[in-house]
Amino acid sequence: MTDDAPELRASDADRERVTEVLRDALAEGRLDMEEFEERLEATYKARTYGELTPITRDLPASGAGTGGAPAVSMRKEPVPSGSWAGRIVGGEGSSSGAVAIMSGFQRKGRWTMPKRFNCFAFWGGGEIDLREADFADHEVEISCVAIMGGMQIVVPPGVEVVVRGFGIMGGFDHREDGVPAEPGAPRVIVSGFALWGGVGIERKRTRAERARLKEERRQEKLDRRTERHELHEARHEQRERRREEREHRRYGEH
């Protein structure tokens, strides 16, 4: 475990595992309703592992009995190998380069990024979108020369970007340089120079992925609303049961 592990961002799956442990603890009588609600609220508010782990530290993991380990692992598991392996296809690539002279070019959608892609823009611009692309190798290079023009490179989340280009009275975007990659993801090297021009690099999801994430968040809100309703009902039933027990003891004494 690294020293900065507690600062790693927790995922929805991590929070759901903690929620399962809390539900089991409530059912087994390890937590009362008030403690359960407090910890559940803290779970939904948690953003890092450091905030999640104390919530279940004194509880056994789901299905683990009394000797279980904490529910949240402090190590991110690798992305399934097929997710990136299926996009590194080998071969020569769909296109080896592009030129824009007082015009523009685009490479986007389903295409294969070659090991090296050379592009040149003079009083023009170009867009290289790798979000839906396959890759000819684990490491590919985009060589950009922009003279009084501009280029935009779009990469998907998880890809490693190494920037080796520079600007001369122009700009070469280094913001995505050094962002950690997902296991098995390709490395994209961006080289070249911009003279009175610019090369921009941004990390962006596809429209379909954004729509899917939006739907997942919507469903998560619905699930939480349902869970709060169920908790309210359970708490009401618990109060009623306690009231009946008090009345039973009171009348039983007479």
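Student: What does tryptophan 123 count as at 48% relative accessibility?
Tutor: At that value, tryptophan 123 counts as partly exposed. The term covers relative accessible areas between buried (under 20%) and exposed (over 50%), with a 1.4 Å probe and protein chains only. This is a predicted model, in which local features need pLDDT of at least 70, side-chain atom pairs count only at pLDDT 80 or more, and totals for chains, interfaces and linings use all residues. Residues are numbered from 1 along each chain as its sequence is written, and side-chain values use heavy atoms, leaving out hydrogens and water.

Student: How many aromatic pairs are there?
Tutor: Rings of Phe, Tyr and Trp (its six-membered ring) pair if their centres lie within 6.5 Å; planes under 30 degrees apart are stacked, over 60 edge-to-face, and the rest tilted. The count by this rule is three aromatic pairs. One of them is the edge-to-face pair of tryptophan 111 and phenylalanine 117, at 5.8 Å centre to centre and 70° between the planes.

Student: Are tryptophan 111 and phenylalanine 117 buried or exposed?
Tutor: Both tryptophan 111 and phenylalanine 117 are buried. Phenylalanine 122 and tryptophan 123 form a stacked pair, because their ring centres are 5.5 Å apart and their planes are at 5°. Phenylalanine 122 counts as partly exposed, at 27% relative accessibility.

Student: Which way do the side chains point along strand 4?
Tutor: They alternate along residues 116–122. Strands (E, at least two residues) and helices (H or I, at least four) are DSSP runs numbered from the N terminus.

Student: How many bridges join strand 4 to strand 7?
Tutor: Seven bridges link strand 4 to strand 7 (residues 139–147), in parallel. Among these strands' residues, phenylalanine 122 has isoleucine 147 in strand 7 as its bridge partner. Strand 1 (residues 97–101) also runs parallel to strand 4, joined by five bridges. Two strands pair if DSSP finds at least two bridges between them.

Student: In what order do the five strands of the open sheet come?
Tutor: The order is 2-5-8-13-11, with parallel pairing. Strand 2 (104–107) and strand 11 (171–172) are the edge strands, each pairing on one side only. Strand 8 (residues 150–155) and strand 13 (residues 198–203) pair over six bridges.

Student: How many residues has the largest nonpolar core?
Tutor: The largest nonpolar core has 31 residues, and Ile128, Leu130, Ile142, Ile153 and Val190 have the most contacts inside it. Strand 7 gives the most to this core, four residues. Such a core is a set of buried Ala, Val, Leu, Ile, Met, Phe, Trp, Tyr and Cys residues joined through side-chain atoms within 4.5 Å. Apart from this core lies another of 15 residues, including Ala25, Leu31, Ala46 and Leu52.

Student: Where is arginine 39 found?
Tutor: Arginine 39 belongs to helix 2 (residues 33–45). Its relative accessibility is 18%, so arginine 39 counts as buried. Its side chain reaches the backbone oxygen of isoleucine 55 at 2.8 Å. Beyond neighbours within four places in sequence, arginine 39 is in contact (heavy atoms within 4.5 Å) with Leu22, Leu31, Ile55, Asp58 and Leu59.

Student: What pLDDT does the protein average?
Tutor: The average is 80, and 83% of the residues score at least 70. pLDDT is the predictor's confidence in each residue, from 0 to 100. Over residues 73–82 it stays under 50, and the model has 17 contacts beyond four places in sequence for them.

Conventions
Polar contact = N/O pair within 3.5 Å; in protein donor to acceptor, adjacent residues only side chain to side chain.
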